[in-house]
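Let's walk through this model together, one region at a time. Keep the sequence and the 3D view side by side as you read.

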Amino acid sequence: MKMNLQVLFIAVLSAVLRGSLAQQDGSICIKANAQSCGECIQVSEMCGWCTDENFLTVGAPKSARCDDLESLKDRKCKQVENPRGSVAINTNTPVTVRKDRSEKLKPEQITQIQPQKLTLRLRSGEPQTFQFKFKRAEDYPIDLYYLMDLSFSMKDDLENVKNLGTDLMKEMQKITSDFRIGFGSFVEKTVMPYISTTPARLLNPCTGNQNCTSPFSYKNVLALTNKGDEFNHLVGQQQISGNLDSPEGGFDAIMQVAVCKEQIGWRNVTRLLVFSTDAGFHFAGDGKLGGIVLPNDGRCHLENNMYTMSHYYDYPSIAHLVQKLSEHNIQTIFAVTEEFQSVYQELKNLIPKSAVGTLSANSSNVIKLIIDAYNSLSSEVILEPVGKLPEGVSLSYKSICKNNVVGTGEDGRKCSNISIGDEVHFQISVESQKCPSPGKQEVIMIKPQGFTEKVEVILDFICDCECAAKGEPNSKKCFENSGTFECGACKCNEGRIGQICECSKDEVRTDDLDANCRKDNGTDICSNNGDCVCGTCECKKRDNPAEVYSGQYCECDNFNCDRFNNKLCGGHGRCECRKCICEANYTGSACDCSIDTSTCLARNGQICNGRGECECGTCKCTDSKFQGPTCEVCPTCPGVCPEHKDCVQCLTFQTGEKKDTCKEDCKNFRLVRVQKTEELPQPTDQPFPRAICKERDENDCWFYFTLAVRNDTNEVHVFEKPECPAGPDIIPIVAGVVAGIVMIGLALLLIWKLLMIIHDRREFAKFEKEKMNAIWDTGENPIYKSAVTTVVNPKYEGK
């Protein structure tokens, strides 16, 4: 009831203000020179369009139909087209009220904001206000991810965190029955100079007898879980690592925790990120120290729970982190030691919905720190639009907080000291200053920081009057049916002009009607900056007397010139007919370019070191490889000595790669020969830079010279006698070669002879062995007959 009375009071007050400002706004409506009802209602919410057919007097312009409401009433207008905006609620689910505290609800069943969706019909300059309610729900689920620095200085802290899971679970049960916890760790980018890349240090980055794990950028040790024992078990297995520099790579880890929703396991509930460290942080740009120049892409790059692109992408910027943390509704708690409190306090001021707690030397107070920070964050509600508002649309807030404390302006979008079950209200006003394309709708989202719930607001712009849709084409009310009669006036067809389209552009002489008031046969009468009176433009007057329209067609003015540093013509010229007339020492469309070249002078007295041109007081290097304020830096150049070596060689010794094109390529060299190296000028002897060079030619001869650039000329002093190595002594070489050949021949003969002796001895031994083992056959030839025949006398008895 009290809320309705407040709304009624505001409506009555608005009506009173409208009445008091009627005369002032009336001049605005008339000055707009609106030619249609749609143009009229875009000027101001106080402007109306009279649709009475006989409203205009003879000779009155069509734009006279557009005036403030009170003036139209005084002028006896009976029908005024004055569309108004409206608010329609599409979804209005009540906020959750628990009757039974033991009732278990899913996150999607809990509603903390009301309403959830609206449609606003907006007219330019007329704000539309709706009521927004927020109630902090009881037993609302919480996801907490503990991100810890595992560099060597956090060794004692790791021991105290190993039992954090179960202990924190017990404490958070007092706040919510649906609590999940996760754990991740970080050290630093795994490239020099952040860590030592020697093989031994990659295995164990710690010194002495300390046993440390290999360095890494970020590791997701445990996704969000409701098992505190699992947290203790996995954290207990973690080991300390190490790095070289003091700042850590925590921003890389925060970015991955924010964007890797599936790997971390974030739900659409309260999301807390606890960032624990005892050191500072690297941010965007620091990656250049390790040769990393690609900006962080803000995407998830976790493979096997390890961040794999730390060597490829630079650290994220603070603004990039703010964007991603807000986009994913993550509330950050920085648990840091006393030494770095001031640093992270400044960081907290840049990151919405964040808190800083003082971490003891060994992290023994981490649970109390988390509970206190959570209570601080959850007790404050801050409304913000999601993303960028459409062009011309603005929001304003008014808060009715606890104990009916009212806040306006910047304080109107937040309430503090909110306890569980408390309900606060906001009045949100949406106003548009311009109308986009007809029929186009825009959608904006408004949400409390750190919460996933948001209200969807559909913006339906009023760009034209309702009477325009009822127009009568080729109406008899227009001269010879040559126009559409809409909103009480004729809208002429192509080729027709006049109040009732009574004239043809082809038939009207140049001195008739308003033809002389159009520049270059254009369609704008007096450039829309004046009124055509008898073929002559009378330019409008502006509220600011110093700002005037001028010219035959009111096409010129003295306030629409280009600006620089928010000053017309940069404060160094005057505006004439929308163009800046600059002072003597300035040029450019906004007089933003200084002709003074003193800022481009290098130490050698040359402009841009002779490598560029001075434009607007800044050096524009003609060669893209040179950089710096005076084109003095060349990160990719091999050096001035190798660059000019060929010219010095061909000019002095008539040798080298440019000996045939020496005159053309080296015509800006002035050569001075000296007899001794001691006669070469030294850098300290001259007021301008001079390089001392030692180069080698294709004959391995060294030659010495000095180089200085003076007035676009390369001044070279060269020692005319190169140092060449002594030639070889031929006789000893030839003798050595011949002796070598002879010795090799004798050695080959001896080897051959030795091999033959060994071979012969082996053959003879084999022969002797076969001879000893030979067995001769003793059998007789069967056809052999002895020549002796023995005959025995049979009668012989041996007597």
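Strand β1 (residues 47-50) pairs with β2 in the antiparallel sense, over 3 bridges. Helices (H or I, at least four residues) and strands (E, at least two) are DSSP runs here, numbered from the N terminus, and two strands pair if DSSP finds at least two bridges between them. Within that pairing, Cys-47 sits opposite Asp-68 of β2. Step back and you get an open sheet of 3 strands, in the order β2-β1-β3, with antiparallel pairing. β2 (66-68) and β3 (80-81) are at the edges with a single partner strand each, so one side of each has no neighbour in the sheet.

A word on the ground rules: this is a predicted model, so local features need pLDDT of at least 70 and side-chain atom pairs count only at pLDDT 80 or more, while totals for chains, interfaces and linings use all residues. Residues are numbered from 1 along each chain as its sequence is written, and side-chain values use heavy atoms, with hydrogens and water left out.

Now have a look at strand β22 (residues 455-461), where 5 of the 7 residues are buried. Buried means under 20% relative accessible area, exposed over 50%, and partly exposed in between (1.4 Å probe, protein chains only). Strand β6 (residues 117-122) runs parallel to β22 and is joined to it by 6 bridges, with Lys-117 partnered by Glu-456. Strand β21 (residues 441-448) also pairs with β22 over 6 bridges, but in the antiparallel sense; there, Glu-442 has Leu-459 as its bridge partner. The hairpin of β21 and β22 has 6 residues between the strands, and Gly-450 takes a positive phi near 85 degrees in it.

On to the interior. In soluble globular proteins, nonpolar side chains tend to be buried together. The largest nonpolar core here has 36 residues, and Leu-144, Tyr-146, Met-148, Leu-168, Phe-179 and Phe-183 have the most contacts inside it. Helix α13 (residues 366-378) gives the most to this core, with 7 residues. A core, by the way, is a set of buried Ala, Val, Leu, Ile, Met, Phe, Trp, Tyr and Cys residues joined through side-chain atoms within 4.5 Å. Leaving aside residues up to four places away in sequence, Met-148 touches several residues, including Met-154, Leu-158, Val-161, Phe-183 and Ser-276; contact means heavy atoms within 4.5 Å. A second, separate core of 32 residues includes Tyr-218, Val-259, Cys-260 and Phe-281.

Val-259 is one of the buried residues of α9. That helix (residues 250-259) is mostly covered, with 10 of its 10 residues buried. Helix α11 (residues 318-327) has His-320, Leu-321, Val-322, Lys-324 and Leu-325 as its buried residues, and what covers them includes α9, β14 (330-336) and α12 (341-350). After α11 comes Asn-329, with a positive phi near 55 degrees.

Leu-749 counts as exposed because its relative accessibility is 54%.
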